[in-house]
Amino acid sequence: MRVSLDPVTGQPAVLVTQRDVTERRAETLELERSRELLAGQAQALRLLAAPVIQIGPNVLAMPLIGRLDHARIGVALASLVGATGVGPTSHVILDLTGADVADAAGTGGLVRVVRVLRLRGVRVALSGIRPALAQAIVDAGLELDGMSCFATVADALASVDRR
């Protein structure tokens, strides 16, 4: 409501405006449902982005595909810690063939994953380190001392079988 003048008589009048907000409320509810659905799908994609695969007795592999940023490394670490706690695991192969480096934190996070697994008594091998990732690791000043690195997952698995 607001005070106005009557355009015909010039007398003071009250102008009342009414708006139906039913559609807007329905749209707001639909938008909120869509946001929740997208959040759930994003979480599912994050979990699928770091699958743990059993490839031999006591041997797990995790292909990391896409950008290695802080969030992806966190999901990978959680998946691996959970998987290595389920049954006996002696080796984990991290396949980096499809991995891209997002930042120094991502490459540092990769080393952190290896350290956590080692503390759990699991031997870790890296496979498929492409030139760009190798350069990022070197540029970040990270040391891969004691980490086994292989060209392919098959090479890493063959190394495990020889032990």
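Is Asn58 buried, exposed or partly exposed? Asn58 counts as partly exposed, because its relative accessibility is 32%; buried means under 20% relative accessible area, exposed over 50%, and partly exposed in between (1.4 Å probe, protein chains only). The points below set this residue in its context.

1. Basis of the note. This is a predicted model, in which local features need pLDDT of at least 70 and side-chain atom pairs count only at pLDDT 80 or more, while totals for chains, interfaces and linings use all residues. Residues are numbered from 1 along each chain as its sequence is written, and side-chain values use heavy atoms, with hydrogens and water left out.

2. Secondary structure. The protein chain has five helices and nine strands. Helices (H or I, at least four residues) and strands (E, at least two) are DSSP runs, numbered from the N terminus. Read from the N terminus on, the order of elements is β-β-α-β-β-β-α-β-β-α-β-α-β-α.

3. Overall dimensions. The radius of gyration of the protein chain is 28 Å, whereas a compact globule of 163 residues would have one near 15 Å. This radius is taken over C-alpha atoms, and the globule rule is 2.2 Å times the number of residues to the power 0.38. Along the principal axes, the C-alpha atoms fill a box of roughly 100 × 35 × 25 Å.

4. Of the 163 residues in the protein chain, 28% are buried. The accessible surface comes to about 10500 Å², and carbon and sulfur atoms contribute 58% of it; accessible areas come from the Shrake-Rupley method with a 1.4 Å probe, and for residues only the protein chains shown count as cover. Among contacts with a separation of 6 or more, 67% are between residues 24 or more positions apart, where contact means heavy atoms within 4.5 Å.

5. Strand β1 (residues 2-5) pairs with strand β2 (residues 12-15) in the antiparallel sense, over four bridges; two strands pair if DSSP finds at least two bridges between them. Arg2 stands opposite Leu15 in β2. Six residues lie between the two strands of this hairpin, and Gly10 in the turn has a positive phi of about 80°.

6. Met1, Val14 and Val16 make a nonpolar surface patch of about 370 Å². Patches are made of residues with over 30% relative accessible area and no salt bridge, like charges being joined within 9 Å and nonpolar side chains (Val, Leu, Ile, Met, Phe, Trp, Tyr) within 5 Å. Val14 is found in strand β2 and counts as exposed because its relative accessibility is 54%.

7. The hairpin of β3 and β4. Strands β3 and β4 run antiparallel and are joined by three bridges. Ile53 has Ala61 in β4 as its bridge partner. Two residues separate the strands of this hairpin. Asn58 lies in the loop between β3 (53-56) and β4 (59-63), and has a positive phi of about 65° although it is not a glycine. Most residues other than glycine have a negative phi.

8. Salt bridges. The count comes to two salt bridges, a salt bridge being a side-chain nitrogen of Lys or Arg within 4 Å of a carboxyl oxygen of Asp or Glu. In one of them, Arg33 meets Glu30, with the closest N and O atoms 2.8 Å apart. Both residues lie in helix α1, three residues apart, about one turn of the helix. Arg33 is partly exposed at 48% relative accessibility, as Glu30 is at 42%. Arg130 and Asp100 also form a salt bridge (2.7 Å, N to O). Arg130 lies in the loop between β8 (123-127) and α4 (131-139) and Asp100 in strand β7 (residues 99-101), so this pair ties together parts that are 30 residues apart in sequence.

9. Gln18, in the loop between β2 and α1 (22-48), is exposed at 79% relative accessible area. The C-alpha atoms of Gln18 and Met1 are 8.8 Å apart, and the two residues are 17 residues apart along the chain. Leu48, in helix α1, is 28 residues from Ala76 in sequence and 9.8 Å from Ala76 in space, C-alpha to C-alpha. His91 lies in strand β6 (residues 91-95) and is buried, with a relative accessible area of 11%. Between the C-alpha atoms of His91 and Gly106, 15 residues apart along the chain, the separation is 22 Å.
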